[in-house]
Amino acid sequence: MNDSRILEISNLKTYYYTSRGVVRAVDGVTLDLRKGESLAIVGESGSGKSTLAFSIMRLLPDNARIIDGSIWLYPEKIDLVRLSNDDMRKVRGRRIGMVFQDPMTFLNPVMRVGDQVAEAIMYHHGCTQKVARKRAVELLERLRIPDASNVALRYPHQLSGGMKQRVIIAIAISCNPEILIADEPTTALDVTVQAEVLELLRGLIHELGMSLILVTHDLGIVAEICDRVAIMYAGKIVEIAETYSLYKSPKHPYTVGLLKAVPRIHESNSGVGGIRGSPPDLVNPPAGCRFYPRCPFVFEKCLGEEPPLIRVNNDRAVACWLMM
Amino acid sequence: MGTFPSLKVENVKKYFQVGRAVFGRGKQYVKAVDDVSFTLDVGGSLGIVGESGSGKTTLAKVILRLLEPTSGKVYLDGVNLFSLNNKELRKLRPKMQMIFQDPMASLNPRKKIMHIIGQVFKIHTGISDVEIRERVIDLLAKVGLTPPELFLDRYPHELSGGQRQRVCIARAIALNPKLLIADEPVSALDVSVRGQIVKLLLEIYEKHINEIAYIVISHDIALIKSLCKDTMVMYLGKVVEKGEVRRIIEEPLHPYSQMLISSIPVPDPEIARNRKRIPISGEIPSLINPPKGCYFHPRCPYVMDRCREKTPPLIKVDDRLVSCYLYSE
């Protein structure tokens, strides 16, 4: 089991320093990623899921700090948190690739898309522009972009949303990274385009033997492509389990509520009700379990003491006093 | 009353001109809404589903005359809205209300909740300030903002997303509208909060079923299914299928509806990984230069020769309307 680990996050804390106070966006997250697996990190806005992803890449804004914890990258077991900026730059792109949510903001608007793909290849492989451009076109073809050699010469604004997202994916996988982090990769896309991009992503992961961390709020997408799911709430992981068993029998009350809140097209009256209240303010989160103000099963212990993430069986860990 | 349908939409078109004409030539139009007709009775609920660029929001805005139509007619209780002047239209405004997608953008950030909702009564009724306050309190309680007194003096930024949407709903139903249009009412909200708003909308719908007609606009047919009985699927400004939501989900007839429904992620790994998929090819074409014939033909797996030439009419097939040559002789 331990040999197949490729990334291990332990007790990670990333805080934002704002005028309102310290926002504890990621507050003690422990997680591991296995070789070749697709892991989903699911949460609502403000749950800290994107901050977690950006912490792994060390691409945080100036007012954010990783104040504690480690991110071990295997097999060498290097701690990304303590890596120098120069060394980190070698990890980004080459060993860990990232796909961002909004393709328009992450592509350079005044550079041809083919050159943007080639740039990453040149930087990491030190090859000539000619070779890199050729490889860029091959990559775009691999992402099923029709007429790739022509598309490579276009600028981002000339492409549709789905095409731009494929270019972003091409850049992310251009150096064959071992890990791909995708932050809401299809949220900006229409459903029919989303289905196509997901299908493509699934195929690539499989073919290239990459591990995937998929950050999303959409439990539907997770069911389609992920092996394991970590549910985040208010900066913490509340439940982590294998996909099939999580959907079949969710244990944490938040997971239960979230699954009920998803409308399903083939069932009547699904998605009505939701979870009462709204997510807490992370400057001043509730003491004890952070979910207790919204929890239907709250009891005394939840108010005073924070439940640890406890392994309940082989493939599941839950942070809830009901489980103890 | 009662003799005509509450809302009747006839051949509504909305074209936007793009680019400049050179000596009257080369004028280009985006046909955002292209010949849409339907009727909706009191107590009826219609969902309009489509992807971005399908014209669903433009259609709603034209129906309410928040945008001037290019052509067509819309009757609300027998009155043609497109023939009214501004003054007459303003008198009718209380009868037709809209709930917008982004509650933060549709509430004045510098006014308190009391003012935001109270203003509706001030403009359209002659009741006293004391009475207005009572009415606002009643409304807040009705949309689940309790205790209501606590919310009167708050500003929109002090509320959560779900609470803001409740304020928008309260404002929309304040004057008992005959027509209520909700445009993506929950898409700006978190998943766990969405369900609360869906529940509220359903409660209001059931309470006012004898007075009001509803339209819900969304890209999400699952949401439409929880809120409406019937739905219209739009693609590039045209209606491609119309019928009962439940039936369309069970057995979509138009190839675009089939593709749309099979693309929706199913939150159940067993079903998600074993279901049959409609192969998807290509993306939504540009509205400036739409394909000739059926707009869907470049992406359609069943495309035939005549699809490339002429737009298929919307015809009755069993229990619904479909615009596809697969179903005509």
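Modeller: Two residues are in contact if their C-beta atoms, placed from the backbone, lie within 7 Å. Please keep in mind that this is a predicted model. By that rule, A:Val113, A:Gln116, A:Val117 and A:Ala120 in H4(A) meet A:Val167, A:Ala170 and A:Ile171 in H7(A). By class, this contact of H4(A) with H7(A) has six nonpolar residues, one polar residue and no charged residues.

Colleague: Why are H4(A) and H7(A) called roughly parallel to each other?

Modeller: The axes of helix H4 (residues 113–125) of chain A and H7(A) come within 8 Å and cross at roughly 20 degrees. Angles under 35 degrees count as roughly parallel. H4(A) and H7(A) are therefore described as roughly parallel. The crossing in which H4(A) passes H7(A) is right-handed.

Colleague: What makes H7(A) and H8(A) roughly parallel to each other?

Modeller: The axes of helix H7 (residues 161–173) and helix H8 (residues 191–208), both of chain A, cross at roughly 15 degrees and come within 10 Å. With the limit for roughly parallel set at angles under 35 degrees, H7(A) and H8(A) therefore receive that description. Their crossing is right-handed.

Colleague: Which residues make the contact of H7(A) and H8(A)?

Modeller: H7(A) contributes A:Gly161, A:Gly162, A:Gln165, A:Arg166, A:Ile169 and A:Ile173, while H8(A) contributes A:Val193, A:Glu196, A:Val197, A:Leu201, A:Leu204 and A:Leu208. By class, the contact has seven nonpolar, three polar and two charged residues.

Colleague: How do you know whether the radius of gyration of chain A agrees or disagrees with that of a compact globule?

Modeller: For 324 residues, a compact globule would have a radius of gyration near 20 Å; chain A has 20 Å, so the value agrees. Along its principal axes, the C-alpha trace of chain A spans about 65 × 50 × 45 Å. Chain A has twelve helices and twelve strands, and 51% of its 324 residues count as buried.

Colleague: Why does B:Val233 count as buried?

Modeller: A residue is buried if 20 or more other C-beta atoms lie within 10 Å of its own. B:Val233 has 29 C-beta neighbours inside 10 Å and therefore counts as buried. B:Val233 is placed in strand S9 (residues 230–235) of chain B. Leaving aside neighbours within four places in sequence, the residues in contact with B:Val233 include B:Val49, B:Gly50, B:Ile248 and B:Leu260.

Colleague: Which residues of H11(A) are buried, and what do they pack against?

Modeller: In H11(A), the residues A:Pro253, A:Tyr254, A:Thr255, A:Gly257, A:Leu258 and A:Ala261 are buried. In chain A, the buried residues of H11(A) pack against H9, strand S9 (228–233), strand S10 (236–242) and H10. They also pack against helix H7 (191–207) of chain B.

Colleague: How many residues are in contact between chain A and chain B?

Modeller: On chain A, 37 residues are in contact with 35 residues of chain B. H8, helix H9 (219–225), helix H10 (243–248) and helix H11 (253–261) of chain A each supply at least two residues of the side that touches chain B. H8(A) gives the most to that side, with six residues. By class, the side of chain A that touches chain B has 17 nonpolar, 14 polar and six charged residues.

Technical notes: Residues numbered from 1 in each chain as written. Chains lettered and ligands numbered in written order. Predicted model: local features only at pLDDT ≥ 70, side-chain atom pairs only at ≥ 80, totals over all residues. Helix = DSSP H or I, 4+ residues; strand = E, 2+ residues; numbered from the N terminus. Buried ≥ 20, exposed ≤ 12 C-beta atoms within 10 Å, placed from the backbone. Axes fitted to C-alpha atoms, helices over the stretch in contact; angles between N-to-C directions. Parallel < 35°, antiparallel > 145°, perpendicular 65-115°, else oblique. Left-handed = near helix turned anticlockwise from the far one by under 90°. Nonpolar A, V, L, I, M, F, W, Y, C, P; charged D, E, K, R; others polar. Rg over C-alpha atoms; globule rule 2.2 N^0.38 Å.
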